[in-house]
Amino acid sequence: MFDSLWNFIHNLFLSIMADNPGPAVPLTFYPGLQLIPSRFYDMVCDVDITERLVFVVTEIRWYKQRILTSEHEYLVARLQRRGGSRAMFAKIERGPSRSANQLQISSTSSPSVLGKEVCAYDLITCLSQDGINSYTVGDRLLETYPFPEVPLLEFFRVVRLVSQYRDEYELNNTMCYWFVGVIVEVARRLFVPHHPGNSYNPPRGAGQYMFINLMTPQWTTDCNDIERKYRREQSVKPDPVGPQEEQSRERVRDAREQGLQQGLQQGEQERAA
């Protein structure tokens, strides 16, 4: 059941991303493919390397959303084939665990209040142009960051590392603003030519609630740590493969070895005869 579902998601991702001539890809699926960053990264790893390398991130948009008396900030990444015209989009966001109640979430704003720790819930939602338009309608675009065709795998390696680095949700620290801001800063350091480190200034209106600036302690330290983690991991696993692809490669190797052994045995029997 899981394998068939995973294959369906994998094939859906490829069909959306493809930029081949033929019937247009239906732009009606909704709410679209939704995965946590680590699972999304695994899915990208499952794509054949030769195919994976032609998909790139060319732009990131930073949005602010107003929901009644609360505010939420998220990113939208533009994904497309190198040289292609069609694109899909990935909405990247952080929120509190869906199982946490309002009292638990509120208690995270003050270290003096003893309460149950709230886990962060990070999500990537894949959408078409029509889908992303419906998601962002009424939201305020704070900033647009162009990128020089960053490989899909490498950008979402950054997203996964940020998600795993601080997996708790705190209203005055590791909330949605911290999540999107660190992703933008680390990605710009790594992928934008001549971008000086530690020079990031958030867009006007970011990290504010009711005109109150939200504090994000250890911002620079977190960015530096994640950048080092990225460089270390990328040097060790520049072209990682996902679990299914690795398993399929192992099966191919096993089959080849088994065939070789059978061939050797058959040759020995023929010589003996």
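Buried means under 20% relative accessible area, exposed means over 50%, and partly exposed covers what lies in between, with a 1.4 Å probe and protein chains only. By that scale Glu149 is partly exposed, because its relative accessible area is 35%. Glu149 belongs to strand E6 (residues 140-151); strands (E, at least two residues) and helices (H or I, at least four) are DSSP runs, numbered from the N terminus. The phi angle of Glu149 is near 55 degrees, a positive value in a residue other than glycine.

The model is predicted, so local features need pLDDT of at least 70 and side-chain atom pairs count only at pLDDT 80 or more, while totals for chains, interfaces and linings use all residues. Residues are numbered from 1 along each chain as its sequence is written, and side-chain values use heavy atoms, without hydrogens and water.

In soluble globular proteins, nonpolar side chains tend to be buried together. A nonpolar core is here a set of buried Ala, Val, Leu, Ile, Met, Phe, Trp, Tyr and Cys residues joined through side-chain atoms within 4.5 Å. The largest such core has 53 residues, and Val57, Trp62, Ile92, Phe155 and Phe156 have the most contacts inside it. Helix H7 (residues 176-191) gives the most to this core, with eleven residues. Apart from this core lies another, of seven residues, among them Tyr74, Val76, Phe89 and Tyr135. Contact means heavy atoms within 4.5 Å. Not counting residues up to four places away in sequence, Ile92 touches residues including Leu123, Ile124, Phe155, Phe156, Phe179, Val180 and Ile183.

Helix H2 (residues 37-46) and helix H6 (residues 152-165) have axes that come within 9 Å and cross at roughly 155 degrees. Because of this angle, H2 is roughly antiparallel to H6. Axes are lines fitted to C-alpha atoms, for helices over the stretch in contact, and angles run from 0 to 180 degrees between N-to-C directions; under 35 degrees counts as roughly parallel, over 145 as roughly antiparallel, 65 to 115 as roughly perpendicular and the rest as oblique. The crossing of H2 and H6 is left-handed, that is, the near helix is turned anticlockwise from the far one by less than a right angle. On the H2 side the contacting residues include Phe40, Tyr41 and Val44, and on the H6 side they include Leu153, Phe156 and Val159.

Side chains of opposite charge can pair when their charged atoms come close. A salt bridge is a side-chain nitrogen of Lys or Arg within 4 Å of a carboxyl oxygen of Asp or Glu, and the whole structure has 15 of them. A network of salt bridges links Glu154, Arg157, Arg160 and Glu233.

Gln65, in strand E2 (residues 55-67), counts as buried because its relative accessibility is 18%. Leaving aside neighbours within four places in sequence, Gln65 is in contact with Ser70, Glu71, His72, Tyr74 and Asp139.
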